Amino acid sequence: MPTLRLGSTAPDFEAETTKGTIRFHEWIGNSWAILFSHPDDFTPVCTTELAEVSRRAGDFEKRNVKVIGLSANSLESHHKWVLDINEWGKTDLQYPIIADSDRKVATLYDMLDYQDASNVDKKGLPLTVRTVFVIDPKKTIRLTLAYPASSGRNFDEIIRVVDSLQLGDKHKVTTPVNWRPGDDVIVHPSVPTEEARKIYPNVVEHKYYLRTTAQPA
Ligand code: BEZ
């Protein structure tokens, strides 16, 4: 199995989900996608994460991002757990969750940590760690994250990176440490300062390699 890196094509697959059978690439279509795994259904941290992703449906939609969850549980289990998530999170979870009991997709995406003995099911089989894959409309992997079972992810940060990636795809800019949408951005190193001054307002050359400008629209 080839290692998945930034720039790899996201592997395609067919899977059962809480919203029916999907072919992954076809499901993504012309959108961006966030594929995220959680260790197990009916667990506390996972419940808070899946509820948060549901509550933020509007944030994903306005960025043209589809979200899809995954764990090594059955469809029946997912459907029952979604009732709890909705009740606890005061939400109405609408995104699909992949039922990957046989770990077919988890293996394809290297989501299983065979060395983490604390993250196994009753049979001792490894459960998925908290991975995130941000995938663009060309099906290229643009961000990967792996979190331990004990630590819930920060979806503000994941959305922030989507904003940075989408901005960088549209303009020749990159984003600095702790950037938030609306903050100044960095002129891409491939753009000479003179050219940057013609394209962007108020380019400031702090160093020959560090030029900032207001965030372009
Ligand atoms: C949780 O979601 O709370 C959790 C899941 C697996 C292991 C530890 C915690």
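User: Where does Leu 210 sit?
Analyst: Leu 210 is part of strand 11, residues 210-213. Helices (H or I, at least four residues) and strands (E, at least two) are DSSP runs, numbered from the N terminus.

User: What kind of model is this, before we go on?
Analyst: This is a predicted model: local features need pLDDT of at least 70, side-chain atom pairs count only at pLDDT 80 or more, and totals for chains, interfaces and linings use all residues. Residues are numbered from 1 along each chain as its sequence is written, and side-chain values use heavy atoms, with hydrogens and water left out.

User: Which residues form a nonpolar patch with Leu 210?
Analyst: Tyr 208 and Tyr 209. Together the three have about 370 Å² of accessible area on the surface. Like charges are joined within 9 Å, nonpolar side chains (Val, Leu, Ile, Met, Phe, Trp, Tyr) within 5 Å. Areas come from the Shrake-Rupley method with a 1.4 Å probe; for residues, only the protein chains shown count as cover.

User: Zoom out. How many helices and strands?
Analyst: The protein has 7 helices and 11 strands. Its C-alpha trace spans about 60 × 40 × 35 Å along the principal axes. Of its 217 residues, 48% count as buried.

User: Now helix 4. Which of its residues are buried?
Analyst: Ser 77, His 78, Trp 81, Val 82, Ile 85, Asn 86 and Gly 89. Seen down the axis of helix 4, they fall within an arc of 165 degrees, so they line one face. The arc is that of the directions from the helix axis to the C-beta atoms.

User: Why would spacing like that give one face?
Analyst: An α-helix has 3.6 residues a turn, so residues three or four places apart point the same way.

User: What does the buried face of helix 4 pack against?
Analyst: Helix 2 (44-55), strand 4 (65-71) and strand 5 (97-99). On the other side of helix 4, Glu 76, Leu 83 and Glu 87 are exposed. Lys 90 follows helix 4, and its phi is positive, near 45 degrees.

User: New topic: Arg 160. What is Arg 160 in contact with?
Analyst: Pro 176, Asn 178, Trp 179 and Arg 180, leaving aside neighbours within four places in sequence. Contact means heavy atoms within 4.5 Å. Arg 160 is in helix 6, residues 155-170, and counts as buried at 17% relative accessibility.

User: Where is Arg 180, then?
Analyst: Arg 180 is in the loop between strand 8 (173-174) and strand 9 (185-187). With a relative accessible area of 44%, Arg 180 is partly exposed.

User: Last one: Ser 8. Buried or exposed?
Analyst: Ser 8 is buried, at 16% relative accessible area. Ser 8 lies in the segment before strand 1 (14-17). Ser 8 and Arg 142 are 134 residues apart in sequence, yet 8.4 Å apart in space, C-alpha to C-alpha.

Key. Buried < 20%, exposed > 50% of the residue type's maximum accessible area, 1.4 Å probe, protein only. Patch = residues over 30% accessible without salt bridge, like charges linked within 9 Å, V, L, I, M, F, W, Y side chains within 5 Å. Salt bridge = Lys/Arg side-chain N within 4 Å of Asp/Glu carboxyl O.
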